[in-house]
Amino acid sequence: MVNKVQHPELNHPKRTGHPVLRFLSTYVFATDHKIIGLQFLFSSLFWFAVGGMLAMAIRWQLAFPWSDMPIFGPTLFASEGGQIPGTFYNMLFTMHATIMIFFVIIPILSGAFGNYLIPLMIGAEDMAFPRLNMFSYWFMWPAFACMILSFTLPGFGPTSGWTAYPTLSLIAGDAQNLWILGLIFVGISSMMGSINYMTTILQMRAPGMHMFRMPMTVWAMFITAILQAFALPVLTAALFMQLSDRLLATGFFAPESIVVNNSITISGGGEPLLWQHLFWFYSHPAVYIMILPAMGMVSDILSCFARKPLFGYRPMIYSLIAIAGLGFVVWGHHMFVSGMNRILAISFMVSTMLIALPSGIKVFNWLGTLWGGRLFLTTPMLFSIGFVSMFIIGGLSGIVMAAPPVDIQIHDTYFIVAHFHYVLFGASVLGVMGAIYYWYPKMFGRKMNETMGKLHFILTFIFLNGTFFPMHFLGARGFPRRYADAYRFEEFQDLLPLNQFITLCAFLMGAAQLVFLINFFGSLIWGPKADRNPWHANTLEWSAPSPPPHGNFDFQPTVYRGPYEYSHPERSVDYWPQTEPPP
Amino acid sequence: MEILRGIKTGKLKTVRHVLLQFICLLGLIVILIIMTGCNPSPEPQFRFNRVALLKQEKNDLAEGERFSNAYQSEIGDILTALYGTPNEPRFPFLLGEEDPAHDVLSLNNLQLAAGPVAADRLEKTAGLYREHCSHCHGITGDGAGGTAASLEPYPRDFRLGKFKFKSTPLRRMPTNDDLTRILKNGIPGTAMPSFRTLPDNEIAALVDYVKYLTIRGQHERRLIAELSNLDNAPILDFKLLADADEEGQPIDEEMKAENTETFEAQLYTVVGEYLAEDIIPRWVDPDDEISEVNNAPAGFQSKHPAHSALLQTGKDLFYGKANCVQCHGETGLGDGQTANYDDWTNDWLKTIGVDVNQPATYQDFMMAGALHPRPIRPRNLRTPIFRGGNLPSDVYRRIANGIEGTPMPSSPTLTTDEIWALVSYVKSLPFEDQGSPENELPVNDRIVD
Amino acid sequence: MNRFWSILFCLVPILGTATFVMAAWGLPPFQGAWLPKNYSVAGETIDHLFYLLNWISAVIFIGTGAVIGWVLWKYDHRRRDQASYFSHNTQLEIVWTIIPAIILIFIAFYQMNSWAETKMIRPTISQNGQTINKPPMVLVMAKRFGWEFHYAGPDGLIETQDDDYIENELVLPVGTDVVLQLETRDVIHSFFVPQLRVKQDIVPGMKQFIWFRGTDIAEMDIACTELCGWGHYTMKGRLRLVSQKDYNLWLTERRAMQTPAMDPDDPETPQVLEERLP
């Protein structure tokens, strides 16, 4: 309907050849990287809500074990008095992890922001392969369908954890097949994205945009794309192997003569540890896939609001590359007590210690960026500082766990849960939130409400620490993860009050996201209009209109300098856009 | 600026429009969830034994008798009146001091075991059964909990009143110690775990609750079996107790006395005859019935010179007089006679018109809650797993008394020494080296099915 | 307003470290929310490492936290007209690469012995003049959902006919090296005793050995820490560490139960110590 309106920018002399698009091709089967980015953004936010609800359900069970669970109890287990069965709890944490990792963090970072920002930041009019880009979004939908369908199968979904260790996953219900299929689709989607990102970044940079003039965001996306391209095939292969184990009895991951419940006999000849190696060979780099883009975006935001050049631009890039490289040789630290060769643990420990170095360098460089700046504590800036602060905690607890003897005590306890939630929620999600607040004016042409943004930040920040920090203590005590009810152990009975405190914080943290929801959708309608460069930032996307039209730029961008020329002493204004010709 | 305006009037308005709809939809979903989700779940109820009713119906109709399933709700009401609900258990004959049920179970124990699981575990006051047992055995004790279908063997259905591993002979009830032992040791080789880590009072509570569910189930089956072919008259006609008839006319004294007498006779049948005179006495003092384990011959010790002779005797009996090979197989792998079903399956599988080879004939039983029939497997004696316990006395009792509910018979014809010889042979079987056949090769059910 | 945020971010390391110290000292409301009391020799080293790493972390945590707080406090845009313009400092980069590297290498080497002792160097005994690995006392068979403990019988070997079998209760002597052999019947389980600092995944088709030396008489929980199905949380076992004397007594009692009552007239009949079970 409205699409018939002639877009003036489409007739721009430089941009001919873009036909007027109909609704379907504009918003649904879009090949425009920005629309695809927004599609990723919205579906990720939707799944973020679903995954969050699952987390609330998990916390409910841990605080009030077996009591009538709201929503799930009366709808599904009325005949049991609302008491959930153990498998339902297993489904909850399996799906919480799966959704949060594969449907939220990875798509929102590389799908949403990667898509939206890469062409804009390097001055390209679109991705190298727009149609492939469209497929990379629409291949998420079969995955969504698989996951939603799996909720309807007996057991209410896959129940073998997101790690899906055989032989448990081999004897799990049919929902596991859908889970595997879903992940294979996610993998295909990510693969298409990563090919696209690499090609675009290598081939489609605007004139003057050297590799070492690219913003950190683009660098991070580039490294992430490389990580995905090399790690994903391993996961996909492993998933196919597990699927064929389940459906064709190939026995890749099952040893000889395993009979479960006297009835299910698994054909053998394989090795359960093989899956763990293959899985973590992907899933450890995946951890970096889930944090590197956020690191890149946070670097940009910090530099912009400190009004100061990013400290150590090149060391930052080198450390990104080092993290990515080392990321491939540290997977064994997930397996110190798995029964893997015990001498091998030492070498994985050493490589894990090494990977702490580049991470540390990044933290120090962020602090160096802030030092001596002129700080504007806007909402995106607060989220970014929050990112650094939380990443420090996640990183330090990582070093504690990297020591194999200590890992004996805290492996598979809440210490681990605390660690990866600090990294994935504390760091990645705060980074994503910061990025949403930062690029929102570019995406929708309006600004979000600052007061609500700060309220959102402070509530999230306080309750996130209230939720995840005490988990360190639970873990030191040995409180095992994935327990529906640890209080039947004398050892852990007295930890119930602490868990109830955590649950309270978690619920409040969940409620705090409503502020974000209202702000996000409200600002679409009532937000004040934003001009091209509301933050006075340097990078290329800010010289395009807000929101950028199809084809992005209304002029041919040429790049004259690096992205972080803030507060240059010889200029009257404290920023110096990359496209501004030298005087 | 013109360009900017163009975008805003064009694309973005649509985006906003769609988003508004999206928000409305989200709100609707939230409201729906709140409406369905915030009402607390209703209290759980015991499930009616529809399998028994269906069996009764089919048998009665096949034999040309009358059948009415109109009694279903009435039987349910009677049972609720007598036994309460899963949250508030009751038991008849526990009120008076002299009542016989005191020897069977105690109300305190029932209350400790019943009810929802207590959230605060520091002070446990209720909910033991639902914390530990109902996943498999079901809230009703029908052996059809959430995990049941995936287990082999199926969890025990208490309602038949049959227990496999006990120190009393066939068709006798198990003693408290027997049930306690099962709870403490678990049943190796099955999904029944050990509850050794529970305190003794909690185990006692669970034992009493198992008995409660069993008696309730036995009573239910009895009511179904006896009453389903009456005329449509109520089992317990409470109208007989009324002071006035249907038209509001007062009933005269003589009539009333007669009515009361009829009602009391009905009540006697339902509660007195079936329960107090038949079911409960069998649960009182089963300890008196414990079967003896006679002294073993000295050759039972592995270092005794007579040991190998005893083993040989056992082996001969195994293949000869005791005829163990018939079911347990030439190899002892449990691969002999394998087409039998246990009593819990046979209970409905033997219904007239049901053929195990034609699933269509028992589809309605599946719908009524029966589990898919699976043949019972004779024990593989080549693994050192003894479900009823691995003490010599346990194995002795299994051979001497047989196993309730299974094709394993008692062996009245064997002498004490012969039984001990068999025990000795059976216990050595898993470790027999030379000439011992290969373990059963794994078969992939997924493909075989 | 900047001051407010500065304090907020400063609170993270302050409260974080404070709660850690409170938890470690057992101050309310964190009493008991820390490493459980240790009952094994190797556990002392592990605890020591845990403390050491946490102290190192605390120093870095407070240091970086203080920098964030200071930066927010000092460099407010309302109090500064112009940000400094500098973008790198190679010497600084080298310093903050080398110092953490030294710390990390120190940590890496410092802990190797502990790992070797707990997981690689199995206790030995001498037999016929030869030093051999100590044979396992108990075969721990994990299954869904419980622990089977198969004790070696009088022959001292597991997996023989005279094994004793008990579920969910493990009784072990203190003061000697205990070697356990771990196996599973079905899926992956993990044998975890928090108070002994012992954890080992048990993979189908593999034998795992673990060893430890208990230091004091105690009773503790055994938990499974690898997801094994719906009843993962129900895999609770009880471990009783008893004195060597009590252990022998308990073992004798268990073995006596394995012997049935025999004809008292037969001179070969052994003495039965305890009344047998029903």
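Domain bounds here come from an automatic or database domain assignment. This is a predicted model, in which local features need pLDDT of at least 70 and side-chain atom pairs count only at pLDDT 80 or more, while totals for chains, interfaces and linings use all residues. Residues are numbered from 1 along each chain as its sequence is written, and chains are lettered from A and ligands numbered from 1 in the order in which they are written.

**Chain B, by domain**

Select residues 43-288 of chain B for domain 1, then 298-340 together with 375-448 for domain 2. The C-alpha centres of domain 1 of chain B and domain 2 of chain B are 36 Å apart. Where they touch, twelve residues of domain 1 of chain B meet 13 residues of domain 2 of chain B; two residues are in contact if their C-beta atoms, placed from the backbone, lie within 7 Å. The domain 1 side of this contact in chain B has six nonpolar, four polar and two charged residues. Here Ala, Val, Leu, Ile, Met, Phe, Trp, Tyr, Cys and Pro count as nonpolar, Asp, Glu, Lys and Arg as charged, and the others, Gly among them, as polar.

**Chain B as a whole**

Switch to a cartoon of chain B: 16 helices and zero strands. Helices (H or I, at least four residues) and strands (E, at least two) are DSSP runs, numbered from the N terminus. Of its 449 residues, 38% are buried, that is, with 20 or more other C-beta atoms within 10 Å of their own C-beta, all placed from the backbone. Among contacts in chain B with a separation of 6 or more, 66% join residues 24 or more positions apart.

The mean for chain B is 82, and 86% of its residues reach 70 or more. Where pLDDT is low, the predicted coordinates should not be read in detail.

**Chain C and its sheet**

Move to chain C and select domain 1 (2-78) and domain 2 (131-257). Their C-alpha centres lie 37 Å apart. Nine residues from domain 1 of chain C and twelve from domain 2 of chain C make the contact. On the domain 1 side, five are nonpolar, three polar and one charged.

Next, show the open sheet of five strands in chain C, with order 5-4-3-7-10 and mixed pairing; two strands pair if DSSP finds at least two bridges between them. Strand 5 (164-167) and strand 10 (208-213) of chain C are the edges, each pairing on one side only. From one strand to the next the twist averages 25°. Zoom in on strand 4 (residues 146-151) of chain C, which pairs with strand 5 of chain C in the antiparallel sense over four bridges. C:His150 stands opposite C:Tyr165 of strand 5 of chain C.

**Chain C against chain A**

Finally, select the interface: 81 residues of chain C are in contact with 92 residues of chain A. Elements giving two or more residues to the chain C side include helix 1 (2-25), helix 3 (90-110) and strand 11 (218-224) of chain C. Helix 2 of chain C gives the largest share, 14 residues. By class, the chain C side has 45 nonpolar, 25 polar and eleven charged residues.

Terms used: A residue is buried if 20 or more other C-beta atoms lie within 10 Å of its own, exposed if 12 or fewer, and partly exposed in between; C-beta atoms are placed from the backbone. pLDDT is the predictor's confidence in each residue, from 0 to 100. Axes are lines fitted to C-alpha atoms, for helices over the stretch in contact, and angles run from 0 to 180 degrees between N-to-C directions.
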